[in-house]
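I am opening the notebook on this structure and writing down, entry by entry, what I looked up.

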Protein chains: 2
Amino acid sequence: MKYRRSEIDACSGLQTTVRLPDRDCGQVDEDILSALRRVVGPANVFSDDATLDRYAASTGLGCVRARAVVRPADTAEVKAIVLVAGQHHFPLYPISRGRNWGYGDACPVTPSQVILDLGRMNRIVEVNPELAYAEIEPGVTQGQLSDYLQTHHPSLWADCTGAGPDVSVVGNILDRGFGHTAYGNRFQTVCGLEVVLADGRTLHTGTGHYAGSRTYRTYPYGVGPYIDGIFTQSNFGIVTRMGLWLMPAPEEMAVFIVTAEEQRDIAALVDALRPLRMDGTLRSVVHIGNDLRLIASAGTFPFDAVHGLSSLPGELREQLRRSAGIGNWTGVGALYGDRRQVAASARRVRRALRGFRLQFLTERRLQLARMAAVTLRATGWGRRLKSLVDTAEALYGLNRGRPTRRFLLGAYWRRREGIPPEFPENCNPALDGCSFLWLSPTLPALGREVIAFNDLVTRIVARHGFDFFVTFSMINERSLGAVITLCFDRDNAAEAARAGNCYREMFSSVVDAGYVPYRVGTTSMASLVRRSEGFWDVTAALKQALDPDNIIAPGRYEPGAALQAPGEQ
Amino acid sequence: MKYRRSEIDACSGLQTTVRLPDRDCGQVDEDILSALRRVVGPANVFSDDATLDRYAASTGLGCVRARAVVRPADTAEVKAIVLVAGQHHFPLYPISRGRNWGYGDACPVTPSQVILDLGRMNRIVEVNPELAYAEIEPGVTQGQLSDYLQTHHPSLWADCTGAGPDVSVVGNILDRGFGHTAYGNRFQTVCGLEVVLADGRTLHTGTGHYAGSRTYRTYPYGVGPYIDGIFTQSNFGIVTRMGLWLMPAPEEMAVFIVTAEEQRDIAALVDALRPLRMDGTLRSVVHIGNDLRLIASAGTFPFDAVHGLSSLPGELREQLRRSAGIGNWTGVGALYGDRRQVAASARRVRRALRGFRLQFLTERRLQLARMAAVTLRATGWGRRLKSLVDTAEALYGLNRGRPTRRFLLGAYWRRREGIPPEFPENCNPALDGCSFLWLSPTLPALGREVIAFNDLVTRIVARHGFDFFVTFSMINERSLGAVITLCFDRDNAAEAARAGNCYREMFSSVVDAGYVPYRVGTTSMASLVRRSEGFWDVTAALKQALDPDNIIAPGRYEPGAALQAPGEQ
């Protein structure tokens with residue numbers, strides 16, 4: 001049986017609940033479930049509606065409910081599951097923690113797929129303090145790793161993203177996410193993978209396939225073809241362990257916050273920062289958010305004040321900006337080193353950013369502000385200071401690998417019910433009914449490119465009645481990764497439909513303009529062939545070589561996939 | 001027809017000339033030559049003995065003479081040649097400049113292969129000064145690129161290796177060589193490849209396959225599987241263009257030279273340097289050479305003083321060390337930044353290397369020393385100072401991307417005729433009849449590992465009557481790449497045979513001890529299966545997917561290759 005794209009789109013257009021209508025293709029045979037139960041035990045196989053609905057919960061327009069969910073305990077079980085899938089001709093959709101919010105969450109590409117949830121495999125297998133690396137399983141969250149290091153190895157930091165403590169480290173890295181610290185170009189910190197292949201073989205990359213290798217976790221390339229990259233943003237294998245380099249805590253760190261007041265000032269800001277990123281002064285991934293990115297970190301859309309609109313009127317946006325004390329753009333970066341190195345680099349940053357509002361955060365300044373906020377707590381000043389200090393501490397933490405839920409708040413921007421009372425301790429935007437889509441094109445780190453890009457996207461979002469909500473991250477020395485957040489109110493059918501149209505137009509327009517995404521959501525993967533030549537045929541050949549029966553996540557970063565169920569050729 | 005390994009070894013054991021005995025398998029049909037001539041013109045196809053002998057010239061024990069040589073002018077001709085090879089069932093062996101000295105030089109893996117010499121494709125297609133990158137063809141040498149940048153873009157540096165100006169930038173990077181500067185982890189500076197596949201298709205990696213991509217040369221990973229790594233140390237495709245990031249010249253640079261007096265002091269030195277490499281103070285690839293590495297940069301083996309020995313007696317080695325004013329180990333690294341950043345980092349280096357002899361070179365100090373040497377030129381002091389200044393300037397240059405032939409001198413160590421009079425202006429160790437083999441295992445950057453490794457290798461080379469001649473390079477923040485040079489006198493048949501035995505024993509011993517090579521020579525590629533599990537089956541499947549007819553360099557980093565001529569299954 002084949003699932004045509006249109007059939008899948010039919011369930012992914014407009015929805016108010018995450019429950020898919022039952023259909024044959026979503027059913028899973030009892031013999032498959034029995035076979036899976038024999039591998040992982042009955043407690044770790046799920047096919048009940050409640051569980052499948054929970055896994056299908058999505059922040060986006062597309063939700064796809066899996067046939068079943070299986071949760072292995074270790075690599076041996078993963079191998080056994082892969083063999084079962086091969087025998088019974090069903091595809092597996094591996095997830096680490098399923099927190100791929102804004103990009104398809106835990107949803108498989110088609111409903112025929114069985115979710116392979118690696119969340120139980122959450123061992124921190126090793127931390128080597130001398131060589132500063134860890135070996136971790138895919139279920140390890142960034143909160144767990146951060147806590148573990150703080151307790152046992154406080155002189156080692158693990159880079160983290162702004163997506164909060166509950167997300168998988170391995171999952172994010174395999175999607176080539178980026179973080180904040182000097183180790184924020186995260187793929188470059190991977191050293192050696194254990195991969196289960198579609199035929200159940202286990203592969204160790206780097207030098208790890210040599211018995212007794214001494215450099216499995218210190219030398220990533222190995223000898224012969226360097227293949228780690230093909231297991232990122234792909235469906236070629238199931239990564240069950242990863243070597244990950246950790247950042248030695250520097251003697252000193254200074255976080256700086258730079259403000260560009262006017263819309264167009266971002267060009268000068270990017271052009272001032274680029275040379276510092278290129279000359280090694282800035283080793284952190286500098287993030288530059290627009291006003292809305294910051295406003296949305298402190299509250300949700302003022303539905304009461306703005307009736308019937310999905311975007312903020314200009315005056316209101318300016319008012320919110322002014323009351324938050326921010327400009328149009330806010331950049332955050334960090335300097336690492338000993339006291340003199342940080343001082344020398346800070347001097348260089350100050351000189352380069354002359355003309356911009358620039359502020360340095362240090363541990364000591366944060367402490368003083370925190371004390372002042374406590375002293376003034378009963379007053380309005382005190383409350384405002386506390387909120388500022390909270391944000392500053394969250395930013396400071398991100399730049400030293402401490403995850404925070406604070407910046408997840410942006411996901412709640414168009415949530416009509418506002419911020420849930422249990423936020424931030426217990427939050428999951430997909431389960432909390434938040435609706436947003438992320439689009440993340442790459443740009444050269446040039447001011448004029450940012451202006452051209454912003455002009456292009458602002459026009460599109462405005463035409464569809466939305467706000468331009470964006471962060472530019474200096475993901476390497478020469479590129480920006482833009483993350484555009486498109487928030488919508490899913491209870492408003494017309495708005496959700498508009499969001500879909502807006503997203504599709506943005507997607508094709510940025511690709512047409514040459515701003516290729518660094519990562520895409522599951523519902524956009526089929527669109528990756530647009531304007532591309534040659535590449536996807538090559539990756540299809542590699543897929544065919546490694547997984548001829550399409551066992552692993554058919555359609556995932558595989559735009560040409562026929563999406564037929566295996567064994568049904 | 002199949003070439004069994006033993007047949008190949010038969011021609012690679014012991015030889016005094018580079019000429020192979022003619023054999024059927026080395027013959028090339030006239031219709032193949034005609035077809036190639038139609039593509040590149042008669043002036044660019046060679047099958048005469050003199051040319052084939054020249055390409056077969058090797059510094060090593062194994063020489064393999066190709067069937068023919070073809071020299072395309074551009075990517076279109078490469079594509080046409082690949083199609084001819086497919087039609088006529090013969091394999092191609094691509095080389096960039098053919099200077100893979102110590103690792104098989106320009107020799108193909110088997111004599112059935114036709115060398116595809118990309119040397120004429122030597123265009124520097126683009127240099128972008130704002131984003132600091134170049135786009136180059138495989139024939140571009142590091143001397144050419146360095147000269148071009150000095151003339152047209154003096155504020156950009158291209159990393160280079162110690163192999164002199166005549167070697168290919170692309171060729172070295174595709175073998176994952178490393179350099180000296182902050183861009184010395186060279187594979188990390190690659191951004192986008194143009195690759196001709198075995199079926200004649202052209203592939204652009206990264207975001208380069210999207211029409212109008214803005215980030216082809218700034219964002220390496222693209223979207224979907226990141227595949228660039230599989231075209232390094234492989235035979236999956238022919239790289240015809242490479243995007244290469246250039247290092248912006250810093251305001252200031254300081255090169256330091258550190259000496260560890262005693263053999264075992266290297267442990268403390270590595271342990272002192274590792275934290276500086278990990279914390280970002282040392283962004284350059286620090287190289288640590290032993291006494292012999294330096295002694296051999298200033299002259300050849302004292303054949304007259306030492307009769308009939310292939311290694312230096314201990315007293316003589318100590319004497320040479322003393323007269324050169326060096327210790328057992330000499331490390332060289334560089335600091336980059338503005339004046340204050342370099343000063344702060346230099347302070348940190350000084351503190352970490354307390355207890356070692358440490359010297360900083362700056363442009364100013366070199367100038368003063370050069371002036372002093374000129375003033376004193378008539379005296380013995382002046383000559384010695386000049387030699388020191390030459391070495392210091394060469395080291396200084398390497399750390400700013402200026403190639404030098406000075407360190408090629410090591411290749412001439414056991415050349416009985418000494419250094420040729422035309423050295424260094426016009427040298428090619430393979431054509432000059434130098435004999436040496438390189439073995440380059442990886443180690444964790446830990447003092448105790450270096451000691452264990454040295455003990456292991458020293459015992460083996462001593463048993464075979466050779467000297468331990470090594471450089472350890474901090475090729476990333478956690479690993480050392482050792483390059484062991486095994487020099488031998490090819491005119492001495494017994495010594496050459498001993499060298500072969502010594503090399504094979506070293507190779508298997510270091511692999512058995514877990515020190516996996518980062519790169520191997522063509523004659524060792526079949527040995528890569530030793531102690532490996534799983535990996536080479538996967539790469540074989542990828543090869544089969546991309547080049548099912550084995551058109552491109554069969555056997556290259558392909559230990560399981562049957563090495564049968566294509567079309568003769």
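**Entry 1, a helix of chain B.** In this predicted model, I looked up which residues of α14(B) are buried, and found B:Glu495, B:Ala499, B:Gly500, B:Cys502, B:Tyr503, B:Met506, B:Phe507, B:Val510 and B:Val511. An α-helix has 3.6 residues a turn, so residues three or four places apart point the same way. I then asked what covers the buried residues of α14(B), and the cover includes β16 (436-444), α13 (447-463) and β18 (479-487) of chain B. The helix itself takes in residues 493-512, 20 residues in total, and from first C-alpha to last it reaches 29 Å, which is close to the 28 Å expected at 1.5 Å a residue. After α14(B) comes B:Gly514, with a positive phi near 95°.

**Entry 2, a strand of chain B.** I next turned to β4(B), residues 114-117, and noted that both of its faces are covered: B:Val114 and B:Leu116 are buried on one side, and B:Ile115 and B:Asp117 are buried on the other. In a regular strand the side chains alternate between the two faces of the sheet. Which strands pair with β4(B) in the parallel sense? Strand β2 (residues 68-70) of chain B runs parallel to β4(B) and is joined to it by three bridges, with B:Leu116 as the bridge partner of B:Val70. Strand β3 (residues 92-95) of chain B also pairs with β4(B) in the parallel sense, over four bridges, and there B:Leu92 stands opposite B:Val114.

I looked up the contact between the two chains and found 81 residues of chain A in contact with 81 residues of chain B. On the chain A side, the elements that give two or more residues include β9 (202-204), α7 (265-278), α10 (339-352) and β16 (436-444) of chain A. The largest share of that side, eight residues, comes from α15(A). By class, the side of chain A that touches chain B has 39 nonpolar, 26 polar and 16 charged residues.

The domain assignment of chain A gives domain 1 (124-248), domain 2 (252-410) and domain 3 (436-519). I noted that the centres of domain 1 and domain 2 of chain A, taken over C-alpha atoms, are separated by 29 Å, and that 18 residues of domain 1 are in contact with 16 residues of domain 2. Helix α5 (residues 142-152) of chain A gives the largest share of the domain 1 side, three residues, and the residues of that side divide into eight nonpolar, nine polar and one charged.

Note on methods:
Residues numbered from 1 in each chain as written. Chains lettered and ligands numbered in written order. Predicted model: local features only at pLDDT ≥ 70, side-chain atom pairs only at ≥ 80, totals over all residues. Expected span 1.5 Å × (residues − 1). Buried ≥ 20, exposed ≤ 12 C-beta atoms within 10 Å, placed from the backbone. Contact = placed C-beta atoms within 7 Å. Nonpolar A, V, L, I, M, F, W, Y, C, P; charged D, E, K, R; others polar. Pairing = 2+ DSSP bridges. Domains from an automatic or database assignment.
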